[in-house]
Amino acid sequence: MNSAIVINEERCIGCGLCVQDCPGNAIVLRDHKAAAERPCITCGHCVAVCPSGAVSIPDYDMAGVEAYQEDSFTVAPGNFLHAVKFRRSIRSYKDMPVSRDVLERIMEAGRYTATAKNAQACTFVAVQTRLQEFKELFWSEFPYILEALKETKPEYVRAFTRFYEKWKKDPKDDTFFFNAPCLLITAADNPLDGGLATANMENMAVAEGAGVLYSGYLQRTISVSPKLMEWLGLDGRPLACCMLLGYPAVKYQRTAPRKKGDIRFL
């Protein structure tokens with residue numbers, strides 16, 4: 001926590017909106033001007049709510065701050081719900097890489113996701129250019145992974161052993177990677193932070209015409225291998241989510257059915 005916000009007195013109009021919206025009560029009005037009174041979590045609410053652009057956080061990326069535009073901000077509720085209902089877990093991908101621009105926008109959706117106490121402590125790794133190198137290390141590590149899982153998650157060992165035997169007979173029969181061109185990994189000390197960020201990344205991926213598969217299998221296996229974690233640069237960081245990414249080779253024509261919801265209004 002720090003008091004790293006800067007308020008330009010010449011721009012400040014003394015409206016008090018930042019004072020009202022500050023979750024930590026860190027800002028006060030003095031002589032009709034806003035002033036930072038105590039340390040805060042630098043959540044950026046003051047920057048976002050200020051009508052005159054008087055507040056900044058120099059330690060953050062102020063160049064990425066965007067002004068509100070109603071036409072680009074609003075998503076029609078019906079369209080959003082349709083997108084949620086239409087999503088599918090993709091297990092068949094086109095032989096087509098995801099461009100760097102698209103990957104960066106997907107990562108931005110994760111980076112801008114809310115985090116508990118504004119920790120912003122998620123780490124995002126996109127493995128695409130070196131994915132084949134990572135896969136070779138993954139399979140070379142698999143005997144070690146199986147032994148480690150016998151101690152921590154024995155219920156996975158039988159199925160994972162079967163996947164490993166299938167891969168040894170035919171490396172194209174890859175039950176872990178499904179020939180996806182890219183692997184996205186989110187690491188976070190708070191699993192909820194990582195999960196929320198990854199969900200936003202999936203939404204952005206779908207908006208870009210791509211699709212994903214959340215892989216608990218990869219999360220289980222990668223996380224128990226020090227060599228894989230070191231290769232990813234994530235030594236000591238908990239894996240919140242592993243997600244395969246690429247362009248779907250299948251076109252879905254309708255939404256899939258679901259059970260009736262367990263929904264309560266009290």
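Predicted model: local features only at pLDDT ≥ 70, side-chain atom pairs only at ≥ 80, totals over all residues.

Mentor: Residues are numbered from 1 along each chain as its sequence is written, and side-chain values use heavy atoms, with hydrogens and water left out.

Trainee: Is Phe80 buried, partly exposed or exposed?
Mentor: Phe80 lies in helix α4, residues 77-86 (helices, H or I, have at least four residues and are DSSP runs numbered from the N terminus). Buried means under 20% relative accessible area and exposed over 50%, with partly exposed in between, for a 1.4 Å probe and protein chains only. Because its relative accessible area is 46%, Phe80 is partly exposed.

Trainee: How far apart in space are Phe80 and Asn203, C-alpha to C-alpha?
Mentor: In sequence, Phe80 and Asn203 are 123 residues apart. In space, their C-alpha to C-alpha distance is 10.0 Å.

Trainee: Which element supplies the largest share of the lining of the largest pocket?
Mentor: On a 1 Å grid over the protein atoms alone, a pocket is an open set of points with protein on both sides within 12 Å along at least five of seven lines, a cavity is a set where a 1.4 Å probe fits but cannot get out, and lining residues have an atom within 4 Å of a point. The largest pocket is lined by 43 residues. Helices α2 (45-49), α3 (70-73), α4, α5 (100-111) and α9 (191-207) each supply at least two residues of this lining. The largest share, seven residues, comes from α9.

Trainee: What is the volume of the largest pocket?
Mentor: A volume is the space filled by probe spheres set on the grid points, which are joined across faces, edges and corners. Gly64, Glu66, Glu108, Tyr112 and Thr113 lie nearest the centre of the largest pocket. Its volume is about 1,900 Å³.

Trainee: Which residues are closest to the centre of the largest cavity?
Mentor: The structure holds two cavities of 30 Å³ or more, and the largest cavity has a volume of about 100 Å³. Of the 14 residues that line the largest cavity, the closest to its centre are Cys22, Pro23, Cys40, Cys43 and Cys46.

Trainee: Which residues lie nearest the centre of the second largest cavity?
Mentor: The second largest cavity holds about 80 Å³ of space. Its lining has 15 residues, and those nearest its centre are Cys12, Cys15, Cys18, Cys50 and Pro51.
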